[in-house]
Amino acid sequence: MTTDLSDYVASREAILDHVRRILRDTMKLKIEPQAIDPDAPLFGTGLGMDSVDAVELVIQLDTVFGLQLSGSPEAFLKIRSVNTIVDAIMEMTDES
Amino acid sequence: MSREDEYRAIRHSVALSRMDHVGLLRLVGDEVMEAVDAVCSGDLWVRDSRMLQTLILDDRGQPLADVYVCPDNDACFLLVEGITSEELSARLARHVDPDLDAELEDLRPDHELLSVHGPYAWDVLSRWLTPDIIGLPYLSFYRFDRGICFRAGKTGEYGYDLMLRSEDAEEVRGELLELVTSLDGAEVSLETLDLCALENGFFSVRHGSVEGLTPIELQLQWRVSTRKRFPGVAAIEERRARGIGRRLTHFVARDEVKSGDVLRGPEAPVGEVMTAAFSPSVGGVVGTALLDISVAHPGIDEFFASDRDSVSPIRTVSSPMLLNRSLLVDPRRQTYATRDGETDPPLWQGSLP
Amino acid sequence: MSDAPRITGWGAASALGVGRERLQGALLSGAIGIAPILRFDTSSFTTHVGAMVAGYESDGRDPTVLCHEFGSLALRDALAHARLDSESLGSLRVALTLGASLFGDQNTENLARSLAKELSIEGPAITVSTACTSSTQAIGFGADLIRGGFADVVLAGGVDVLTPALFAGFHALGVLSEGPCTPFGQQVGTTLGEGAGFLVIERGGLRDATTRALLRGYGLSGDAYHETSPEPRGRGVAAAIRSALDDAGVSETEIGYLNAHGTGTIANDTAEWCAIRSVFGSELGCSIPLSSTKGHLGHAQSAAGVLEVISTLECMGAGLAPTTAGFEGPRPGGPPRPVSAKKPEPLAYELALSTNSAFGGNNCALVFGNAARAPMDADKSRPVFVNTTAALCAGASNVEELASIYESKSAPSDREIRIDLAAELPRVDLRGIDRASELLTAVTFRALAEAGLQLKGEARERTGLMVGALRASPDSVGRFRSSIVERGLTKPDATAFAQLLPSAAQSACAKALNIRGPQSTINIGEGSGLLACAISAWMLAQRRDSDRIVAAAVDVRTEGVAGGALGDAACALVLGTAPTSVEVVGIGVAGPDHLDEAIAQAQRRWGSAKPPELFVDRPKPLEGMPATSSSFALAHAVHSLRQGRARSAMVASKGTTASVAIILASTEVIDDN
């Protein structure tokens, strides 16, 4: 693996793990973080989060990562799966 | 109807299709949920009139069937892809206590499944069925005079599957087609539906080989219980303990890439292509790949598919990758006739490698 | 002569004024009581309006102090309207039914006690804590106390106060409208309010009083669906409405006006409109005059129901239908033409229907007005039996082990209850369930399972759940309060907020087990479990909307809180109309200082010349389980009868705000051979 790639993967995996833990704790799931698939849907199906869970998730993402999400459909896109959340966080970090 | 036209119907207005590939079964009795629990991999946390998507695995933990479990009072509907009703019956016989009060009925001989998909599918149904359809939550179902309406769908757009008695099916198809075409929609083929499913990250049990793969590699752990015993659980526990070597990852590519192509990185092979198809939204190929776990992440440009003749770079992406129109539509505020689609952002906001 | 309880007066303290005359004047002029909130800082929220009680907009005193003051004003106002002075009160059997949920960890039974004391109410004071249905249900239970002969006069209503934490919780859930709410209208969301209201309900023929309206009937149901969202097709609301119509002996075509819950949120208004059409039919549903008074008063939460009934009564008396203030055109999925002029519209009607729905799925509907029921034979009272029982506390995981505690007379050494609810209910999603919900669900499930009752089909609608509980679960309360301390009011733990009600355990249990029949959470402090049994018994005897009711109670150990429970405990008794070996033969309910009267009532209803053979007290080794210990006593009494130790037994409890007595008798014929 090239150094760039390995750096990228390492950052990604760190954030991935952290987001999985937040989801696990928000949903009070009794599973290991790795049991949350990175592309699993969070709402409707998949993890089955509802609107009340979403409130807590958005607060956590703001508190832990400084990721601020409005109520718009575009913002909702960023929390469709763990990977989309990680994408949004990495994009935010890149911009800063 | 060209593939492009069918695709446009699903993604921008509304589409009608026959779902002959879906098995329609019902279990009846006092202990149907125990019976379903015994053969399916997921925790059946699903209430009456709701639907839950789960799997049936073989003893090696490989997915055999993709199932919607739909409890309905003393019965349970099963919408099944991947195995026949005989095969399901055999599995029940093998894994379920014979004393349990649960009898399997195959509904296919007397029933058809017609589906309506698209950002304005609800518009068609609100006229054909009831305006209250906009209040029917995703993954729930209800009975109407001519059958049962399941709100599900694997395209990422609004989707309604209508289970009808065979004798009503032709008439209903005619009525729906008229409404669908009045909204600039079309009847579509299974191939186009499958393309949409691929774009939106829906697992297809009918595509790609799952040889040697468990839900852990396939990103389907959400359909697998960590608590109960079910066929395939031992294999999954063993794989979990060992750790997986590869994981399913989504990608886009500019050029022709096909299932089975080897994927290489700058230094070594990193995996292989599972499924691939051309996407009009992306303007290139979308697909799934099995990548080495150390690099199975979106956002990577270093890999390429190669065969004897060509080398095609791929870019791994997160799923779902489209800004589905259904997310932007508000059934309470607008219909297809009053829509304003001019200001919608593009369906795909990424770029090809 | 109708046997429906008479409404002889009412009183209110609301955003439209303190006193019913102010409320009437404001309603008739189309005034809106929603204004920018002054009591606390709302600058970091996205909405800033609320409906505070007039004159108290900036009053930042403790919520319980404000509740007491609002309640006191409304009660005095009601008594004056009914022309009941303290002398008359003293000579009658007067009860108080108070809808109050407060914050889940506040002491609502103390609020009831202090109001009763201040107004010299000697009879039972029962608190109903089911959030937005609290006062509506309190009115229903008030009617029951009259119909059942437990009281002559009932002051029935509720109180609530708008606090920063409450505002923050609703705000986090995204259900508040930016400006004043417009129920069924263009703007989506609700506006919170507060206040107090009481009806004076009394038995006919007692004194020379003006009957202003008749309380014809009520209905209860549970959605068993979700912690905060209503069942989208309004299934539960429709069931409550049908049950109320049935109780009133009235068909839906006789309703002349409907006061909807109409909060303004999409979820509520859509579900409610589905329910209305389902009960009345599309045509009648679209033409029946209906409105929501939350446009005037905001959502007064535990006081919403009674204030909405009072608003209707005020308008009804003036030949008017209340209007939906702020409405400017319907929204899709809502009624096309609610009453929505700037002022109430002229309308002559004999009967009104009022509905309310709450977090956790409780629904309640009331039918009231000026049409008397045609004379008819009253439905005969049905006999009520105890089916199965389940008990849970440290040292006892069933009734047999509870019996050992009674026998040993010493406290169990094992302080922990260990249950694996997921193993008992493998197909129920128990993620996030709090301690109170877990305990209550366990005993309710076990009692139903032992009775061989699988709740499917119609059985779900015909099974009820009556719970005695004093507080919300301390773990949920703790999580909510911590979140505010750590993250501030704009970022509360929304999931914990949804569980912050004393009725959260009842709702969670109903959802887990699919119990959709009449249900509620009541509180008299000590003895709440026994009252839950009494209410269940009188509902089964007098009403026809259920075949069985699980009468339950739950306490959760609360560290370091004065008056909090000392140990986890839960108990459930399945009461029903199907005969078993133990019958409930006598019930008595009286004031907290009149245990002897409660016992006498029960004895009279039993009709036996002799007293019961056995008296079962609370298990002395088990201290500090205010809701549950009296239920344990009843469960032990049932057990003793089934063991053949006696042929009749009484459990009597001098509770914090009411005394309750229940007599059980064996039904088995003794073979003298």
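Visitor: In this predicted model, at roughly what angle do the axes of helix α4 (residues 121–128) of chain B and helix α5 (residues 166–182) of chain B cross, and are the two helices parallel, antiparallel, perpendicular or oblique to each other?

Guide: The axes of α4(B) and α5(B) come within 10 Å and cross at roughly 130°. Angles from 65 to 115 degrees count as roughly perpendicular and those over 145 as roughly antiparallel, and α4(B) and α5(B) are therefore oblique.

Visitor: Is the crossing of α4(B) and α5(B) left-handed or right-handed, and how many charged residues does their contact have?

Guide: The crossing of these two helices, α4(B) and α5(B), is right-handed. On the α4(B) side the contact is made by B:Val124, B:Arg127 and B:Trp128, and on the α5(B) side by B:Glu175, B:Leu176, B:Leu179 and B:Val180. Sorted by class, this contact has five nonpolar residues and no polar ones, while the number of charged residues is two.

Visitor: Which strands stand at the edges of the five-stranded open sheet of chain B?

Guide: The strands of this sheet follow the order β3-β4-β5-β2-β6 in chain B, with antiparallel pairing. Neighbouring strands are turned by 30° against each other on average, direction ignored. Two strands have a single partner strand each, so one side of each is left without a neighbour in the sheet, and these edge strands are β3 and β6 (103–106) of chain B.

Visitor: Which residue of β4(B) is the bridge partner of B:Gln53?

Guide: The strands β3(B) and β4(B) run antiparallel and are joined by six bridges. For B:Gln53, the bridge partner in β4(B) is B:Tyr68.

Visitor: Which element gives the most to the side of domain 1 of chain B that touches domain 2 of chain B?

Guide: The assignment for chain B gives domain 1 (3–190) and domain 2 (197–317), and their C-alpha centres lie 27 Å apart. In the contact between them, 26 residues of domain 1 of chain B meet 25 residues of domain 2 of chain B. On the domain 1 side, α1 (3–12), β3 (52–57) and β4 (63–72) of chain B each supply at least two residues. The element that gives the most, with four residues, is β3(B).

Visitor: How many charged residues are on the side of chain B that touches chain A?

Guide: The contact between the chains takes 23 residues from chain A and 25 residues from chain B. The residues on the chain B side divide into 12 nonpolar and 11 polar, and the number of charged ones is two.

Definitions and conventions:
Residues are numbered from 1 along each chain as its sequence is written. Chains are lettered from A and ligands numbered from 1 in the order in which they are written. This is a predicted model: local features need pLDDT of at least 70, side-chain atom pairs count only at pLDDT 80 or more; totals for chains, interfaces and linings use all residues. Two residues are in contact if their C-beta atoms, placed from the backbone, lie within 7 Å. Ala, Val, Leu, Ile, Met, Phe, Trp, Tyr, Cys and Pro count as nonpolar, Asp, Glu, Lys and Arg as charged, and the others, Gly among them, as polar. Axes are lines fitted to C-alpha atoms, for helices over the stretch in contact, and angles run from 0 to 180 degrees between N-to-C directions. Angles under 35 degrees count as roughly parallel, over 145 as roughly antiparallel, 65 to 115 as roughly perpendicular and the rest as oblique. A crossing is left-handed if the near helix is turned anticlockwise from the far one by less than a right angle, and right-handed if clockwise. Domain bounds come from an automatic or database domain assignment. Two strands pair if DSSP finds at least two bridges between them.
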